[in-house]
Amino acid sequence: VQLQASGGGLVQAGGSLRLSCGASGRTFSRATMGWFRQAPGRDREAVAAISWSSYSRYYADSVKDRFTISRDNAKNTVYLQMNSLKPEDTAVYYCAIARYYTYQGSEYDYWGQGTLVTVSS
C-alpha cells in the first residue's frame with residue numbers, strides 16, 4: 001500500500017488549505033483513513049479519522065468546527081479541509097490507513113510521506 005499526501009503549503013492565519021491523500025496498491029477492504037500531524041518538538045497527534053462508510057468520524061478537540069475529513073472511495077482518496085487555520089496548526093501532516101475504525105496512531109498500518117503545513121501569524 002502506498003499513500004501519497006499533497007496540498008500542504010504556506011498560508012496566513014485565518015486561511016484555508018485542503019489536503020489530499022491517495023492510496024494505491026492492495027488497500028484493505030473497508031479501511032479507515034486518518035490524518036495525523038507532528039509539530040517540531042512535539043509528539044504526533046491524531047487530527048481526524050473517517051471510517052469506510054464515512055459514518056464514523058473523529059476530530060481532535062483542537063480542530064473541531066474548523067477541519068473536515070471526507071473520502072471518495074471510488075478514487076481511494078481522503079481529504080482534509082482545513083479552515084480558520086492558526087499558527088499552532090503548523091506541522092507535518094501525515095495520512096495513514098488502518099484495517100478498522102480507530103484514531104490511535106499505533107493501530108495504523110501504512111503511512112504516507114507527510115506534507116508540510118505552515119501557518120504564519
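**Disulfide and salt bridges in a predicted model**

Both Cys 21 and Cys 95 are buried, where buried means under 20% relative accessible area, exposed means over 50%, and partly exposed lies in between (1.4 Å probe, protein chains only). This is a predicted model, in which local features need pLDDT of at least 70 and side-chain atom pairs count only at pLDDT 80 or more, while totals for chains, interfaces and linings use all residues. Residues are numbered from 1 along each chain as its sequence is written, and side-chain values use heavy atoms, with hydrogens and water left out.

**The disulfide**

- A disulfide, counted when a pair of cysteine sulfur atoms lies within 2.5 Å, joins Cys 21 to Cys 95 with an S to S distance of 1.9 Å.
- Cys 21 lies in strand S3 (residues 17-24) and Cys 95 in strand S9 (residues 91-98), so the pair ties together parts that are 74 residues apart in sequence; strands (E, at least two residues) are DSSP runs, numbered from the N terminus.
- The torsion about the S-S bond is about 55 degrees, so this disulfide is right-handed.

**The salt bridges**

- There are five salt bridges, each being a side-chain nitrogen of Lys or Arg within 4 Å of a carboxyl oxygen of Asp or Glu.
- Arg 37 forms a salt bridge with Asp 89, with the closest N and O atoms 2.9 Å apart, and Arg 66 meets Asp 89 in another at 2.8 Å, N to O.
- Asp 89 is buried at 0% relative accessibility, as is Arg 37 at 5%.
- A network of salt bridges links Arg 37, Glu 45, Arg 66 and Asp 89.

Notes:
Helix = DSSP H or I, 4+ residues; strand = E, 2+ residues; numbered from the N terminus.
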